[in-house]
Amino acid sequence: MIRALSAALLLASSTAASAQVVAPAPAAAPRASSVEGLEPQLTMIFDTWMKQTHVPGLVYGVVKDGKLVLVRGLGVQDVASGKPVTPDSLFRIASMSKAFTAMAILKLRDEDRLSLDAPAERYVPEMRGWTYPSADSRRIRVADLLHHTAGFVEDNPWGDRQQPLPEAAFSAMLKSGVPFAQAPGQRMEYSNLGYATLGRIVSNVSGVRYQDYIRREIMAPLGMTTTGYDVLNGPQDVRALGYRWQDDAWVREPDMADGAFGAMGGVQTSANDYWRWVAFLLSGWPARDGAEAGPIKRATVREIVEGANFVSTVDKASASGRMCRVATAYGMGWSVVNDCDVGRIVSHSGGYPGYGSIVMMLPEAGVGVFAFANRTYAGPSKPVLEVLYQLRQAGLADERALPVSTDLARAYDIARDVWKRGDPARAPLANNVALDRDLARRRKDIVELKERVGACRTDAPITPISAMEGTFTWTCANGNVAGRVQRAPTPSLSLQVLSFTAAE
C-alpha cells in the first residue's frame, strides 16, 4: 500500500510537480547556535513546497543528539473542518513502515530464531514448490527479501492497493506462486510483496500477529504509544485525512483497513511518536562501550546501512544546486545515499493513496529530519534534503569527530620525534617500510624537506582516519608539512606508514 521511490530516485520528489519546487538556497545558511534559531527559514522551505505542490497539511521534525529539537505542524489535517496539523496528528507513513519490518527480522535473527541466509520457504511453507525462472535459480533467501533481490517485479502500482488483503487471501496467493522478473539475487528491484512476505515470516517465527509483534517488541519499548496499524478503530479526531489533488481541488482518498500487507506500508504515527524511533536508530552510532538501552542491539541497528552491493547511480542536482552523481544502495529497510553536499544519508520515503512521507538521517552526525504530508504520493524529499543541507551549512549537523586512540597518539609522538631528530630508524617500523624506501633515502628526504620549509610548529592535533591511522599538518616558516601515520595490523605498535611531504 505504498508508493516508495526507487533507490536511484529516492531524493527526487514523488511527482513531476514537486520535482520542480523548492529551489536550493544559493547561499550558505547563517551560522546558528541552535536548530530553533533556523526555524523560520526551515519552516518557509516546507511552506513554499506545500503551496506549490497542493499539500493540505504537513508536519516535520528535526532530531539531534537523541532529542526532538524542532517540530512544526503546517496546514490542516482535515480540509472540511480546517483542523490544523499538530505534532500529535496521525499520518500514514507508507513504505517508511518497512524499516520496522526489517528491524523485527534482525531482532529475531539476533535471538537465533531465524537465519538471513536460510531459504524463505523454511519459514513460509506456502512458498515451497514454487516454479523458479530457471533450473539453476537459487531459492529465495530471507536476505533477498530484505534487500529487494528476490527476483520479484517492482510493484508500486499494484502493491499500493493490497493493504487490506486478508491473511487467508495472502496465504492463497503465496501458495499459488508468483511470476519472476529475474532469478533471485541478480539485481535490486523494489518489492512490496517481498516485505509483506517478511511480515508473514515475523508472524510465523514469533508466534504472534506481525502487527502485535512490532508494537510489543519495538514500538512500546520506545514509548511510541499512539503508533499502530489499525487506522479505522483508533482515535479519529487526530487523524490527518488523506487527499489527492484533482481538478484543482482536494478530493478525499478512501481509507484502507489494515491487512496482510501492513508489513510493507501500514504504520500510522505522529511526529511526537516517530522522533523516538529516529532517535533510537541514531543512537546506534558511534560504536562504543556501555550498556545497551534499546530493544535491539546497537550493532544490529548499524547493519541498516549495509547495502546489497547492487549500487545504482544517477546524475542529479544536489541540495546546493550543483549537479553531481549520486550513488545509492538498498540496505535493510533503508536506502543509503552518498550525497555530494551532505555526505552519507540513510533514508526511506513513503507514498500511499492520501499520503507522502520521508525520513533522512545522518548517522555520523546524530541528526535526522522527517516529514509527513497528507496528499497522495506527495513525498517531501526535496524540502527535507534542503533542510539537511541548511543544518549542515549552519554547523548544526557536523559529523562527530573521531577520538584519538591511545596508540594513535603514541604514533603521532613518534612522528614528531622522527622529524625532530631526522632519523626514521628511531621509530618502531614495520618490515615493509625499509623495503618500500630505504632508510638512508628517507633520512635525506627529511633533511631536504626541512631545508625547504624551515622551522615548523609540531603542536597541531592529529586528525584520526581510524583508531590506527591519522593525518596532520604543521605550519612552517616557508610553507606547510603534511604528514600521515598508519599502524600495521600487529598486536605491538609498529608503523607501516610514516610520511612527511610538502603541503600546498
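These legends describe several close-up views of one predicted model.

**Figure 1. The whole chain in the predicted model.** The protein chain has 504 residues, and buried residues make up 55% of them. Its secondary structure comes to 14 helices and 18 strands. The C-alpha trace spans about 80 × 55 × 40 Å along its principal axes. Among contacts with a separation of 6 or more, 67% join residues 24 or more positions apart.

**Figure 2. Confidence along the chain, with a view of residues 1-30.** The average pLDDT of the protein chain is 92. A score of at least 70 is reached by 93% of the residues. Over residues 1-30, pLDDT stays under 50. The model still has 108 contacts for this stretch beyond four places in sequence. Where pLDDT is low, the predicted coordinates should not be read in detail.

**Figure 3. The largest nonpolar core.** This core has 86 residues. F100, I140, I201, Y274, W277 and W334 have the most contacts inside it. Helix α9, residues 271-282, gives the most to this core, with 9 residues. Another core lies apart from it and has 38 residues, among them V55, I358, V384 and L391. In soluble globular proteins, nonpolar side chains tend to be buried together.

**Figure 4. A nonpolar patch on the surface.** V79, W245 and W250 form this patch. Together they have about 240 Å² of accessible area. W245 sits in strand β5, which covers residues 243-246. The relative accessible area of W245 is 30%, so this residue counts as partly exposed.

Figure 5. The bond runs from W285 to P286. It is cis, with omega near -10°. P286 lies in the loop between α9 and α10, the latter spanning residues 298-301.

**Figure 6. Two loop residues with positive phi.** A94 has phi near 55°, although A94 is a residue other than glycine. Its place is the loop between β4 (91-92) and α2 (98-110). A94 counts as buried because its relative accessibility is 1%. N309 is not a glycine either, and its phi is positive, about 70°. This residue lies in the loop between α10 and β8 (312-317). N309 is exposed, because its relative accessible area is 71%.

Figure 7. The side chains of D255 and R239 meet at 3.0 Å, N to O. The pair links distant parts of the chain, 16 residues apart. D255 is in the loop between β6 (249-252) and α8 (262-265). R239 is in the loop between α7 (210-219) and β5. With a relative accessible area of 29%, D255 is partly exposed. R239 has a value of 2% and is buried.

Figure 8. D417 and R421 pair at 2.9 Å, N to O. Both lie in helix α12, residues 406-421. They are 4 residues apart, about one turn of the helix. D417 has a relative accessible area of 25% and is partly exposed. R421 also counts as partly exposed, at 48%. Side chains of opposite charge can pair when their charged atoms come close.

**Figure 9. A network of salt bridges.** K107, E111, R113, R216 and E217 are linked in this network. Within the network, R113 forms a salt bridge with E111. The closest N and O atoms of this pair are 3.4 Å apart. R113 is partly exposed, with a relative accessible area of 37%. E111 is partly exposed too, at 36%. In total, the model has 35 salt bridges.

Key
Residues are numbered from 1 along each chain as its sequence is written. Side-chain values use heavy atoms; hydrogens and water are left out. Patches are made of residues with over 30% relative accessible area and no salt bridge: like charges are joined within 9 Å, nonpolar side chains (Val, Leu, Ile, Met, Phe, Trp, Tyr) within 5 Å. Accessible areas come from the Shrake-Rupley method with a 1.4 Å probe; for residues, only the protein chains shown count as cover. A salt bridge is a side-chain nitrogen of Lys or Arg within 4 Å of a carboxyl oxygen of Asp or Glu. Buried means under 20% relative accessible area, exposed over 50%, partly exposed in between (1.4 Å probe, protein chains only). pLDDT is the predictor's confidence in each residue, from 0 to 100. Contact means heavy atoms within 4.5 Å. A nonpolar core is a set of buried Ala, Val, Leu, Ile, Met, Phe, Trp, Tyr and Cys residues joined through side-chain atoms within 4.5 Å.
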